[in-house]
Amino acid sequence: MLTSKLPDVGTSIFSVMSQLAAEHGAINLAQGFPDFNPPAALTEALVHHARGAQHQYAPMPGLPLLRERIAQKTARVYGVPAPDPATDITVTSGATEALYAVLAAVVQPGDEVLVLEPAYDLYGPAIRLQGGRPVYVPLEAPSFRPDWDRVRAALTPRTRLIMVNTPHNPTGAVFTDEDWQQLAALLAGTATLLLSDEVYEHMVFDGQPHRSALQYPALRERAFVLSSFGKTYHATGWKVGYCVAPPLLSAEVRRVHQFLTFSVSTLAQLAIADVIGDAALYDELPAFMQAKRDLFQELLRPTGFELLPTAGSYFLLARYQQLAPGVDDRAFARQLTTETGVAVVPVSAFYHDGTDQGLVRFCFAKQDATLRAAAERLQRL
(Lines give C-alpha, C1' and ligand atoms only; values in the text may rest on other atoms or scores of the structure.)
Protein backbone atom coordinates (compact mmCIF):
# COMPACT_ATOMS: atom_id res chain seq x y z
CA MET A 1 0.00 0.00 0.00
CA LEU A 2 1.21 3.50 -0.84
CA THR A 3 2.24 5.68 2.10
CA SER A 4 1.87 9.36 1.30
CA LYS A 5 4.84 11.65 1.84
CA LEU A 6 2.40 14.50 2.51
CA PRO A 7 -0.62 12.87 4.15
CA ASP A 8 -1.85 16.18 5.58
CA VAL A 9 -1.70 18.10 2.31
CA GLY A 10 -4.75 18.27 0.06
CA THR A 11 -5.59 20.26 -3.05
CA SER A 12 -4.25 23.82 -2.97
CA ILE A 13 -6.72 26.34 -1.54
CA PHE A 14 -6.25 28.42 -4.68
CA SER A 15 -7.48 25.59 -6.89
CA VAL A 16 -10.32 24.86 -4.47
CA MET A 17 -11.58 28.45 -4.45
CA SER A 18 -11.19 28.88 -8.20
CA GLN A 19 -13.18 25.71 -8.79
CA LEU A 20 -15.86 26.89 -6.38
CA ALA A 21 -15.97 30.25 -8.17
CA ALA A 22 -16.46 28.51 -11.52
CA GLU A 23 -19.23 26.30 -10.15
CA HIS A 24 -21.17 29.27 -8.73
CA GLY A 25 -20.44 31.90 -11.35
CA ALA A 26 -18.54 34.00 -8.81
CA ILE A 27 -16.10 36.76 -9.68
CA ASN A 28 -12.71 35.23 -8.96
CA LEU A 29 -10.61 37.51 -6.75
CA ALA A 30 -9.10 34.45 -5.07
CA GLN A 31 -6.33 33.03 -7.24
CA GLY A 32 -3.50 35.44 -7.98
CA PHE A 33 -3.72 35.99 -11.71
CA PRO A 34 -4.79 38.95 -13.88
CA ASP A 35 -7.90 38.85 -16.06
CA PHE A 36 -6.26 41.05 -18.70
CA ASN A 37 -3.79 40.12 -21.42
CA PRO A 38 0.01 40.46 -21.48
CA PRO A 39 1.53 43.43 -23.31
CA ALA A 40 0.78 43.30 -27.03
CA ALA A 41 4.50 43.42 -27.86
CA LEU A 42 5.03 40.19 -25.94
CA THR A 43 2.23 38.24 -27.61
CA GLU A 44 3.27 39.57 -31.01
CA ALA A 45 6.82 38.41 -30.35
CA LEU A 46 5.51 34.96 -29.43
CA VAL A 47 3.52 34.74 -32.67
CA HIS A 48 6.58 35.84 -34.64
CA HIS A 49 8.77 33.14 -33.11
CA ALA A 50 6.06 30.50 -33.44
CA ARG A 51 6.31 30.99 -37.19
CA GLY A 52 10.06 30.54 -37.06
CA ALA A 53 12.31 27.52 -36.81
CA GLN A 54 13.22 27.34 -33.11
CA HIS A 55 10.86 24.72 -31.74
CA GLN A 56 13.21 22.32 -29.96
CA TYR A 57 14.61 22.20 -26.42
CA ALA A 58 16.26 25.31 -25.13
CA PRO A 59 19.60 24.93 -23.33
CA MET A 60 19.09 23.60 -19.82
CA PRO A 61 19.97 26.83 -17.93
CA GLY A 62 18.02 29.01 -20.38
CA LEU A 63 18.62 30.68 -23.72
CA PRO A 64 21.95 32.58 -23.62
CA LEU A 65 20.28 35.66 -25.15
CA LEU A 66 17.60 35.78 -22.46
CA ARG A 67 20.14 35.27 -19.68
CA GLU A 68 22.27 38.10 -21.07
CA ARG A 69 19.28 40.42 -21.10
CA ILE A 70 18.24 39.39 -17.59
CA ALA A 71 21.74 40.34 -16.44
CA GLN A 72 21.47 43.74 -18.15
CA LYS A 73 18.03 44.37 -16.66
CA THR A 74 19.19 43.37 -13.16
CA ALA A 75 22.09 45.82 -13.31
CA ARG A 76 19.82 48.59 -14.59
CA VAL A 77 17.00 48.14 -12.11
CA TYR A 78 19.05 47.62 -8.96
CA GLY A 79 22.23 49.54 -9.72
CA VAL A 80 24.40 46.53 -8.99
CA PRO A 81 27.11 44.68 -10.93
CA ALA A 82 25.43 42.50 -13.51
CA PRO A 83 25.25 38.80 -12.67
CA ASP A 84 27.24 36.58 -15.00
CA PRO A 85 24.75 35.20 -17.56
CA ALA A 86 26.77 32.01 -17.94
CA THR A 87 27.06 31.07 -14.28
CA ASP A 88 24.62 33.14 -12.17
CA ILE A 89 21.24 32.97 -13.94
CA THR A 90 18.99 29.95 -14.42
CA VAL A 91 15.69 30.20 -16.29
CA THR A 92 13.04 28.04 -14.64
CA SER A 93 9.48 26.87 -15.20
CA GLY A 94 8.07 29.68 -13.13
CA ALA A 95 9.25 30.76 -9.70
CA THR A 96 7.50 27.72 -8.20
CA GLU A 97 9.94 25.37 -9.89
CA ALA A 98 12.81 27.61 -8.83
CA LEU A 99 11.63 27.47 -5.21
CA TYR A 100 11.45 23.71 -5.27
CA ALA A 101 14.80 23.37 -7.06
CA VAL A 102 16.55 25.55 -4.47
CA LEU A 103 15.11 23.58 -1.56
CA ALA A 104 15.89 20.24 -3.18
CA ALA A 105 19.43 21.40 -3.91
CA VAL A 106 20.44 22.62 -0.47
CA VAL A 107 18.19 21.14 2.23
CA GLN A 108 19.44 17.90 3.76
CA PRO A 109 17.46 15.61 6.10
CA GLY A 110 17.37 17.18 9.55
CA ASP A 111 18.14 20.71 8.34
CA GLU A 112 15.99 23.56 9.64
CA VAL A 113 14.53 26.20 7.33
CA LEU A 114 13.16 29.45 8.74
CA VAL A 115 9.85 30.53 7.22
CA LEU A 116 8.23 33.89 7.98
CA GLU A 117 4.52 33.19 8.30
CA PRO A 118 1.93 33.68 6.79
CA ALA A 119 3.65 32.23 3.75
CA TYR A 120 2.98 30.88 0.28
CA ASP A 121 1.64 27.38 0.74
CA LEU A 122 4.44 25.68 -1.25
CA TYR A 123 7.15 26.53 1.28
CA GLY A 124 6.40 24.10 4.10
CA PRO A 125 5.57 20.97 2.05
CA ALA A 126 8.57 21.47 -0.24
CA ILE A 127 10.89 21.71 2.77
CA ARG A 128 9.41 18.57 4.30
CA LEU A 129 9.80 16.63 1.05
CA GLN A 130 13.57 17.16 1.36
CA GLY A 131 13.58 15.82 4.93
CA GLY A 132 13.96 19.33 6.33
CA ARG A 133 12.05 20.89 9.22
CA PRO A 134 10.24 24.18 8.70
CA VAL A 135 10.65 26.57 11.63
CA TYR A 136 7.91 29.19 11.54
CA VAL A 137 8.41 32.77 12.72
CA PRO A 138 5.15 34.76 12.85
CA LEU A 139 4.64 38.12 11.18
CA GLU A 140 2.22 40.15 13.27
CA ALA A 141 -0.75 42.04 11.84
CA PRO A 142 -1.41 44.68 10.73
CA SER A 143 2.09 45.60 9.46
CA PHE A 144 3.36 42.00 9.00
CA ARG A 145 6.91 43.33 9.32
CA PRO A 146 9.51 40.84 10.61
CA ASP A 147 10.37 40.88 14.30
CA TRP A 148 14.11 40.37 13.95
CA ASP A 149 14.51 39.48 17.62
CA ARG A 150 12.19 36.52 17.05
CA VAL A 151 14.11 35.57 13.92
CA ARG A 152 17.37 35.70 15.88
CA ALA A 153 15.88 33.47 18.58
CA ALA A 154 14.84 30.92 15.95
CA LEU A 155 18.27 30.66 14.32
CA THR A 156 20.31 27.61 15.34
CA PRO A 157 23.43 25.87 14.01
CA ARG A 158 21.01 23.60 12.10
CA THR A 159 19.41 26.51 10.20
CA ARG A 160 20.33 25.74 6.61
CA LEU A 161 18.20 28.40 4.94
CA ILE A 162 15.92 31.33 5.66
CA MET A 163 13.10 32.10 3.23
CA VAL A 164 11.84 35.66 2.78
CA ASN A 165 9.26 37.12 0.41
CA THR A 166 9.05 40.79 -0.53
CA PRO A 167 6.66 42.19 -1.65
CA HIS A 168 4.83 39.68 0.46
CA ASN A 169 2.09 37.25 -0.48
CA PRO A 170 -0.52 37.38 1.04
CA THR A 171 -0.09 40.58 3.07
CA GLY A 172 1.47 43.10 0.68
CA ALA A 173 4.17 43.99 3.23
CA VAL A 174 7.47 45.23 1.80
CA PHE A 175 11.00 44.93 3.22
CA THR A 176 12.73 48.19 4.08
CA ASP A 177 16.45 48.90 3.97
CA GLU A 178 16.46 48.42 7.74
CA ASP A 179 14.97 44.94 7.34
CA TRP A 180 17.68 43.88 4.91
CA GLN A 181 20.41 45.38 7.08
CA GLN A 182 19.12 43.51 10.13
CA LEU A 183 18.94 40.25 8.20
CA ALA A 184 22.50 40.72 6.95
CA ALA A 185 23.70 41.31 10.50
CA LEU A 186 21.88 38.21 11.76
CA LEU A 187 23.39 35.95 9.11
CA ALA A 188 26.93 37.32 9.35
CA GLY A 189 29.29 34.63 10.54
CA THR A 190 26.80 31.82 9.89
CA ALA A 191 26.58 29.26 7.08
CA THR A 192 22.85 29.94 6.65
CA LEU A 193 21.73 30.55 3.07
CA LEU A 194 18.98 32.90 1.91
CA LEU A 195 16.10 32.29 -0.48
CA SER A 196 14.56 35.63 -1.45
CA ASP A 197 11.24 35.30 -3.27
CA GLU A 198 10.87 38.61 -5.14
CA VAL A 199 8.29 37.73 -7.78
CA TYR A 200 6.27 40.93 -7.13
CA GLU A 201 9.40 43.11 -7.44
CA HIS A 202 7.74 45.54 -9.86
CA MET A 203 4.64 46.12 -7.73
CA VAL A 204 5.69 48.42 -4.90
CA PHE A 205 3.54 51.49 -4.26
CA ASP A 206 3.45 55.04 -2.90
CA GLY A 207 6.77 56.04 -4.42
CA GLN A 208 8.79 53.46 -2.52
CA PRO A 209 11.40 51.34 -4.33
CA HIS A 210 11.64 47.60 -4.23
CA ARG A 211 14.79 46.68 -2.34
CA SER A 212 16.33 43.41 -3.45
CA ALA A 213 18.70 41.06 -1.66
CA LEU A 214 20.94 41.59 -4.69
CA GLN A 215 21.67 45.12 -3.46
CA TYR A 216 23.31 43.90 -0.24
CA PRO A 217 26.71 42.29 -0.96
CA ALA A 218 26.78 40.33 2.29
CA LEU A 219 23.44 38.77 1.38
CA ARG A 220 24.00 38.42 -2.35
CA GLU A 221 26.91 36.05 -1.79
CA ARG A 222 24.63 33.58 0.02
CA ALA A 223 21.32 34.26 -1.75
CA PHE A 224 19.05 32.65 -4.28
CA VAL A 225 16.90 35.50 -5.65
CA LEU A 226 13.77 34.49 -7.55
CA SER A 227 11.81 36.50 -10.12
CA SER A 228 8.79 35.79 -12.30
CA PHE A 229 8.08 36.95 -15.85
CA GLY A 230 4.57 35.61 -15.36
CA LYS A 231 3.92 38.24 -12.68
CA THR A 232 5.73 41.09 -14.45
CA TYR A 233 4.08 40.54 -17.85
CA HIS A 234 0.62 39.37 -16.71
CA ALA A 235 1.33 35.96 -18.22
CA THR A 236 1.19 33.50 -15.34
CA GLY A 237 0.24 30.67 -17.68
CA TRP A 238 3.55 30.95 -19.51
CA LYS A 239 5.34 29.67 -16.38
CA VAL A 240 8.69 31.39 -16.91
CA GLY A 241 10.81 32.62 -14.01
CA TYR A 242 14.45 32.70 -13.06
CA CYS A 243 16.91 32.36 -10.22
CA VAL A 244 19.93 34.60 -9.68
CA ALA A 245 22.61 33.15 -7.41
CA PRO A 246 26.42 33.00 -7.16
CA PRO A 247 28.09 30.37 -9.36
CA LEU A 248 28.46 27.64 -6.72
CA LEU A 249 24.82 28.02 -5.64
CA SER A 250 23.56 28.24 -9.22
CA ALA A 251 25.41 25.04 -10.07
CA GLU A 252 23.48 23.21 -7.35
CA VAL A 253 20.15 24.62 -8.56
CA ARG A 254 20.94 23.46 -12.07
CA ARG A 255 21.73 19.95 -10.86
CA VAL A 256 18.13 19.69 -9.71
CA HIS A 257 16.52 21.81 -12.44
CA GLN A 258 17.79 19.48 -15.15
CA PHE A 259 15.81 16.62 -13.62
CA LEU A 260 12.66 18.63 -12.83
CA THR A 261 11.88 20.30 -16.15
CA PHE A 262 15.29 20.25 -17.89
CA SER A 263 14.42 23.39 -19.86
CA VAL A 264 11.71 26.00 -20.32
CA SER A 265 9.59 26.78 -23.42
CA THR A 266 11.91 28.00 -26.16
CA LEU A 267 9.24 30.19 -27.76
CA ALA A 268 8.36 31.88 -24.49
CA GLN A 269 12.04 32.59 -23.78
CA LEU A 270 12.57 34.06 -27.24
CA ALA A 271 9.52 36.31 -26.89
CA ILE A 272 10.55 37.55 -23.45
CA ALA A 273 14.09 38.21 -24.68
CA ASP A 274 12.60 40.45 -27.37
CA VAL A 275 10.69 42.69 -24.93
CA ILE A 276 12.77 42.66 -21.74
CA GLY A 277 14.74 45.65 -22.99
CA ASP A 278 11.59 47.79 -22.98
CA ALA A 279 11.93 49.21 -19.46
CA ALA A 280 8.53 50.91 -19.64
CA LEU A 281 6.82 47.53 -19.34
CA TYR A 282 8.03 47.20 -15.76
CA ASP A 283 8.85 50.82 -14.85
CA GLU A 284 5.17 51.73 -15.30
CA LEU A 285 3.85 48.66 -13.47
CA PRO A 286 3.92 50.13 -9.92
CA ALA A 287 1.64 53.04 -10.92
CA PHE A 288 -0.60 50.71 -12.94
CA MET A 289 -1.15 48.33 -10.03
CA GLN A 290 -1.35 51.10 -7.44
CA ALA A 291 -4.23 52.63 -9.37
CA LYS A 292 -6.05 49.31 -9.12
CA ARG A 293 -5.27 49.05 -5.40
CA ASP A 294 -6.57 52.57 -4.79
CA LEU A 295 -9.71 52.00 -6.85
CA PHE A 296 -10.54 48.75 -5.08
CA GLN A 297 -9.89 50.21 -1.63
CA GLU A 298 -12.23 53.10 -2.43
CA LEU A 299 -14.90 50.75 -3.74
CA LEU A 300 -14.72 48.66 -0.55
CA ARG A 301 -14.95 51.57 1.90
CA PRO A 302 -18.78 51.52 2.02
CA THR A 303 -18.71 47.83 2.96
CA GLY A 304 -18.21 46.32 6.40
CA PHE A 305 -14.70 45.12 5.57
CA GLU A 306 -11.78 46.54 7.55
CA LEU A 307 -8.97 46.97 5.03
CA LEU A 308 -5.35 46.38 6.02
CA PRO A 309 -2.55 48.39 4.40
CA THR A 310 -0.79 46.92 1.38
CA ALA A 311 2.49 48.43 0.19
CA GLY A 312 3.16 46.01 -2.67
CA SER A 313 2.10 42.88 -4.61
CA TYR A 314 -1.44 42.72 -6.00
CA PHE A 315 -3.18 41.50 -2.87
CA LEU A 316 -5.29 43.18 -0.22
CA LEU A 317 -6.23 41.71 3.17
CA ALA A 318 -9.47 42.54 4.94
CA ARG A 319 -11.10 41.72 8.27
CA TYR A 320 -14.72 40.67 8.02
CA GLN A 321 -15.85 40.38 11.68
CA GLN A 322 -18.43 43.17 11.36
CA LEU A 323 -20.07 41.20 8.58
CA ALA A 324 -19.91 37.70 10.06
CA PRO A 325 -19.01 37.67 13.78
CA GLY A 326 -17.69 34.32 14.99
CA VAL A 327 -17.48 32.74 11.53
CA ASP A 328 -14.14 31.11 10.69
CA ASP A 329 -12.31 32.40 7.63
CA ARG A 330 -12.74 29.27 5.51
CA ALA A 331 -16.47 29.21 6.10
CA PHE A 332 -16.72 32.93 5.36
CA ALA A 333 -14.71 32.58 2.13
CA ARG A 334 -16.96 29.75 1.02
CA GLN A 335 -20.07 31.72 1.93
CA LEU A 336 -18.83 34.80 0.10
CA THR A 337 -18.21 32.71 -3.01
CA THR A 338 -21.44 30.74 -3.05
CA GLU A 339 -23.89 33.37 -1.75
CA THR A 340 -22.40 36.75 -2.65
CA GLY A 341 -20.63 35.70 -5.83
CA VAL A 342 -17.10 36.90 -5.03
CA ALA A 343 -14.31 34.38 -4.46
CA VAL A 344 -11.53 35.15 -1.98
CA VAL A 345 -8.85 33.15 -0.17
CA PRO A 346 -8.97 32.56 3.62
CA VAL A 347 -5.66 33.70 5.09
CA SER A 348 -5.53 30.66 7.41
CA ALA A 349 -4.43 28.75 4.28
CA PHE A 350 -1.10 30.58 4.54
CA TYR A 351 -0.38 29.19 8.03
CA HIS A 352 0.99 25.70 8.59
CA ASP A 353 -1.38 25.17 11.52
CA GLY A 354 -4.39 26.94 10.03
CA THR A 355 -4.14 30.00 12.29
CA ASP A 356 -7.33 32.00 11.76
CA GLN A 357 -7.05 35.76 12.28
CA GLY A 358 -10.36 36.55 10.66
CA LEU A 359 -8.79 37.72 7.39
CA VAL A 360 -9.45 37.07 3.72
CA ARG A 361 -7.28 37.94 0.72
CA PHE A 362 -8.49 39.74 -2.39
CA CYS A 363 -6.51 39.83 -5.65
CA PHE A 364 -6.94 43.23 -7.33
CA ALA A 365 -4.96 42.44 -10.50
CA LYS A 366 -8.17 42.66 -12.48
CA GLN A 367 -9.79 44.91 -15.03
CA ASP A 368 -11.46 47.94 -13.47
CA ALA A 369 -14.82 46.62 -14.64
CA THR A 370 -14.17 43.36 -12.78
CA LEU A 371 -13.28 45.22 -9.58
CA ARG A 372 -16.39 47.40 -9.85
CA ALA A 373 -18.64 44.40 -10.44
CA ALA A 374 -17.15 42.59 -7.44
CA ALA A 375 -17.49 45.66 -5.23
CA GLU A 376 -21.11 46.06 -6.23
CA ARG A 377 -21.82 42.57 -4.97
CA LEU A 378 -19.79 43.11 -1.79
CA GLN A 379 -21.61 46.36 -1.03
CA ARG A 380 -24.83 44.35 -0.67
CA LEU A 381 -23.51 42.46 2.33
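Me: How many bridges join strand 12 and strand 13 in the antiparallel sense?
Reply: This is a predicted model, in which local features need pLDDT of at least 70, side-chain atom pairs count only at pLDDT 80 or more, and totals for chains, interfaces and linings use all residues. Residues are numbered from 1 along each chain as its sequence is written, while side-chain values use heavy atoms, with hydrogens and water left out. Strands (E, at least two residues) and helices (H or I, at least four) are DSSP runs numbered from the N terminus, and two strands pair if DSSP finds at least two bridges between them. Strand 12 and strand 13 (residues 359–363) pair in the antiparallel sense, and their bridges number two.

Me: Why is one side of strand 9 and of strand 12 left without a neighbour in the sheet?
Reply: Four strands form an open sheet with antiparallel pairing, in the order 9-10-13-12. Strand 9 (306–307) and strand 12 (345–346) stand at its edges, so one side of each lacks a neighbour, because each has a single partner strand.

Me: What angle does the direction of helix 13 make with that of strand 10?
Reply: Helix 13 (residues 285–300) packs on the sheet, where it touches strand 9, strand 10 (315–319) and strand 13, contact meaning heavy atoms within 4.5 Å. Axes are lines fitted to C-alpha atoms, for helices over the stretch in contact, and angles run from 0 to 180 degrees between N-to-C directions. For helix 13 and strand 10, the angle is about 20°.

Me: At what angle do the axes of helix 3 and helix 11 cross?
Reply: Two packed helices are described by the angle between their axes and the distance between the axes. The axes of helix 3 and helix 11 (residues 266–275) come within 9 Å, and they cross at roughly 35°.

Me: Which residues of helix 3 make the contact with helix 11?
Reply: On the side of helix 11, the contact is made by Gln269, Ile272, Ala273 and Asp274. On the side of helix 3, it is made by Leu65, Leu66 and Arg69.

Me: Which strand gives the most to the lining of the largest cavity?
Reply: A cavity is a set of points on a 1 Å grid, over the protein atoms alone, where a 1.4 Å probe fits but cannot get out, and its lining residues have an atom within 4 Å of a point. The largest cavity is lined by 13 residues, of which Leu116, Leu139, Asn165, His168 and Phe175 lie nearest its centre. With three residues, the element that gives the most to this lining is strand 5 (residues 159–165).

Definitions and conventions. On a 1 Å grid over the protein atoms alone, a cavity is a set of points where a 1.4 Å probe fits but cannot get out, and a pocket is an open set with protein on both sides within 12 Å along at least five of seven lines; lining residues have an atom within 4 Å of a point.
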